[in-house]
Amino acid sequence: MEAWILSNILLGKHVVADYYVQMNFMFKGKHKYGAWGGISHSGVHGLLTALCFTPFVSVSSAFILGLLDFIVHYHIDYVKSNYSIRYPMQPSEQRYWIVHGTDQLLHILTYVFLVWLFVKEIV
């Protein structure tokens, strides 16, 4: 039951961090490795993920899970941003939605992995 609740909290967190609080400077800098935009956007994800886990695990475990989300989220966005720059596309194109959907799927699978780590008590 906790895994189901946690999974839903993480999905809600993802919507908040990716759509509600992402600022323009975060979006523009994702294609440059180490740029503040991508780091800060992924940092929001990592921080919120850690907060999502705090009712369920120790603070140190929540920090590790948040750090994992930060690292994975950063690299997924970096690859997507570079692909999108190399192969420009518009929302009117099918490829745009394939890339966007794949990006979102990878983020969701990250949460599945983090919840699996929680369930297996690995972290």
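Reader: Why is Ser-84 called partly exposed in this structure?

Author: This is a predicted model, and in it Ser-84 has a relative accessible area of 26%. Buried would need a value under 20%, and exposed a value over 50%. The 26% of Ser-84 lies in between, so the residue is called partly exposed.

Reader: Where is Ser-84, and which residues does Ser-84 touch beyond four places away in sequence?

Author: Ser-84 belongs to helix α4. Leaving out residues up to four places away in sequence, Ser-84 touches Met-89 and Val-99. Val-99 is 15 residues from Ser-84 along the chain, and the C-alpha atoms of the two are separated by 8.3 Å.

Reader: What makes Ser-81 buried or exposed?

Author: Its relative accessibility is what decides. Ser-81 has a value of 14%, and buried means under 20%. Ser-81 therefore counts as buried. Ser-81 is also found in helix α4, and its contacts, not counting residues up to four places away in sequence, are Lys-30 and His-31.

Reader: How do you know whether His-100 is buried or exposed?

Author: The relative accessible area of His-100 is 18%, and the limit for buried is under 20%, so His-100 is buried. You will find His-100 in helix α5. Apart from neighbours within four places in sequence, His-100 is in contact with Tyr-19 and Lys-80.

Reader: Helix α4 and helix α5 have come up now. What makes α4 roughly parallel or roughly antiparallel to α5?

Author: Look at the angle between them. Helix α4 covers residues 59–86, helix α5 covers residues 94–119, and they pack at about 165° with their axes 11 Å apart. An angle over 145 degrees counts as roughly antiparallel, so α4 is roughly antiparallel to α5. As for handedness, α4 passes α5 in a right-handed crossing.

Reader: Which residues of α4 and α5 meet?

Author: Among those from α4 are Lys-80 and Ser-84, and among those from α5 are Val-99 and His-100. By class, this contact of α4 with α5 has 10 nonpolar, 5 polar and 5 charged residues.

Reader: How do you know whether α1 is roughly parallel or roughly antiparallel to α3?

Author: Follow those steps with a new angle. Helix α1 (residues 2–20) and helix α3 (residues 36–53) pack at about 155°, their axes being 10 Å apart. Since roughly antiparallel needs an angle over 145 degrees, α1 is roughly antiparallel to α3. Their crossing is right-handed.

Reader: Which residues make the contact of α1 with α3?

Author: On the α1 side they include Leu-6, Ile-9 and Leu-10, and on the α3 side they include Val-44, His-45 and Phe-53. Sorted by class, the contact of α1 with α3 has 8 nonpolar, 4 polar and 2 charged residues.

Reader: What about α3 and α5: at what angle do they pack?

Author: The angle is about 35°, and the axes are 13 Å apart. The crossing of α3 and α5 is right-handed. From α3, the residues His-45, Thr-49 and Phe-53 take part, and from α5 come Tyr-111, Leu-114, Val-115 and Phe-118. That contact has 5 nonpolar, 2 polar and no charged residues.

Reader: What is the phi of Glu-121, and why is that worth a look?

Author: Glu-121 has a positive phi of about 55° and is not a glycine. Most residues other than glycine have a negative phi. Glu-121 is found in the segment after α5.

Reader: What makes Glu-121 buried or exposed?

Author: The relative accessible area of Glu-121 is 70%. Exposed means over 50%, so Glu-121 is exposed.

Reader: Let's step back to the protein chain. How many helices and strands are there?

Author: There are 5 helices and 0 strands, and along the sequence the pattern reads α-α-α-α-α.

Reader: How do you know how compact the protein chain is?

Author: Set its radius of gyration against the globule rule. The radius of gyration is 15 Å, which is close to the 14 Å that the rule gives for 123 residues, so the chain is as compact as a globular protein of that length. Along its principal axes, the C-alpha trace spans about 45 × 30 × 25 Å.

Reader: What share of the residues counts as buried?

Author: Of the 123 residues, 36% count as buried. As for contacts with a separation of 6 or more, 68% are between residues 24 or more positions apart.

How values were computed: Residues are numbered from 1 along each chain as its sequence is written. This is a predicted model: local features need pLDDT of at least 70, side-chain atom pairs count only at pLDDT 80 or more; totals for chains, interfaces and linings use all residues. Side-chain values use heavy atoms; hydrogens and water are left out. Axes are lines fitted to C-alpha atoms, for helices over the stretch in contact, and angles run from 0 to 180 degrees between N-to-C directions. Helices (H or I, at least four residues) and strands (E, at least two) are DSSP runs, numbered from the N terminus. Angles under 35 degrees count as roughly parallel, over 145 as roughly antiparallel, 65 to 115 as roughly perpendicular and the rest as oblique. A crossing is left-handed if the near helix is turned anticlockwise from the far one by less than a right angle, and right-handed if clockwise. Contact means heavy atoms within 4.5 Å. Ala, Val, Leu, Ile, Met, Phe, Trp, Tyr, Cys and Pro count as nonpolar, Asp, Glu, Lys and Arg as charged, and the others, Gly among them, as polar. Buried means under 20% relative accessible area, exposed over 50%, partly exposed in between (1.4 Å probe, protein chains only). The radius of gyration is taken over C-alpha atoms; the globule rule is 2.2 Å times the number of residues to the power 0.38.
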